[in-house]
Amino acid sequence: MKKHNLLVVIVAVVECIAFTAQPVQAAKYSKAEAKQVKYFQRKYKNLDKAQYNRNSIYQQAPNFANPFSPGVLNPAYISTTMDYVNYYRDLVGLPSEANPDDANRSAQIGAASLAAVNASASLQAHGLINYLRPNYISENDWGIAENATLGNINFLDDAHSASAGEIVTDLMREDNNIAGAGNIGHRAIILSTRATRMGIGAAYGMSTDMLYSVEYGLFADDILRAPVKSRIVYPAAKVFPYELVGKDTPWSYSTTKRISSKPKIYITDLTKNKKKRYRATQVRNFKTLFYGEGYTTTITYRPGKVKLVNTHKYKVQIGKYYTYTFRFFRQKG
């Protein structure tokens, strides 16, 4: 199942990093780490893993004709999507977001509008740029769709079935954001330090098996709120799921500080060799691009040649700005 993620800025092409899925040696967790690991493993276990398809994702299917109806999603799909969003927010120490009905309706109009025009997996899907409004969709609904699709969009080709969690995780990891390597715009919306709410929409293409998923998470009043945290790092400090970092996953440091340079970043495997530092690669400074999500500066990078091993503890040094440690754990226990 091929996945495409979209955002609005083009950046550099992807290079490879060293990554291993095979543990080299087991490491012991401290009591505090073990307590956190058990907490997150319990939360993950309780997340719904159900698969959805064209028949089960809707409570009421869209009507791509006059009178237009965007459809109504299965309530379980919406609640599960938000459960994953808030699980990931909890991992980095952010409060949960609400899921109001009006935001869901706007997101559903956005997803159904994408489906109505069989939108291609391109950056122009955001805001429905250069797409013509079908005559059965009102100007008011089209305007709502244009706004809602400025949030996160996930495209799944030939999506005969998919879980809500797979879609959120794909956006969170940012392994294949076609806006370019290192761009974490989807992650920034999920982990916004200003956001208080999010709407969820999804629809299958009118004449294709493309599943359009919309996370409507950009609201004018939220953008004006003060950030609830001064920094967010990925992987998060303390403990972090091993499953959320792969060979194509950008790491990130987002902060309310203004940083104009590209700092040197080093990663150390404290479990294997405390004296060996690995320099990060593909360091990019997106500066204020994600200011609306709460970040004056966002720096992304790849961890270089360091091997990523479950249970190992790592130190990340981001220039003179921030140094922290974290230990990997498996969500499934």
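Visitor: At roughly what angle do the axes of helix H1 and helix H2 cross, and within what distance do they come?

Guide: Two packed helices are described by the angle between their axes and the distance between those axes. Here, the axes of H1 (residues 31–45) and H2 (residues 75–91) cross at roughly 170° and come within 11 Å. That makes H1 roughly antiparallel to H2 (over 145 degrees). This is a predicted model, where local features need pLDDT of at least 70, side-chain atom pairs count only at pLDDT 80 or more, and totals for chains, interfaces and linings use all residues. Residues are numbered from 1 along each chain as its sequence is written, and side-chain values use heavy atoms, leaving out hydrogens and water.

Visitor: Which residues make the contact?

Guide: On H1, look at Tyr39, Phe40, Lys43 and Tyr44; on H2, at Tyr84, Tyr87, Asp90 and Leu91. Contact means heavy atoms within 4.5 Å.

Visitor: Which peptide bonds are cis?

Guide: Most peptide bonds are trans, and most residues other than glycine have a negative phi. A cis bond joins asparagine 66 and proline 67, with omega about 0°. Another cis bond runs from tyrosine 234 to proline 235, with omega near 5°.

Visitor: Where is asparagine 130, with its positive phi?

Guide: Asparagine 130, phi about 70°, is in the loop between H3 (101–116) and H4 (139–148). Asparagine 130 counts as exposed at 65% relative accessibility (exposed means over 50% relative accessible area, with a 1.4 Å probe and protein chains only).

Visitor: Is glutamate 174 buried or exposed?

Guide: Glutamate 174 is buried, at 3% relative accessible area (under 20%). Its phi is also positive, about 60°.

Methods: Axes fitted to C-alpha atoms, helices over the stretch in contact; angles between N-to-C directions. Helix = DSSP H or I, 4+ residues; strand = E, 2+ residues; numbered from the N terminus. Parallel < 35°, antiparallel > 145°, perpendicular 65-115°, else oblique.
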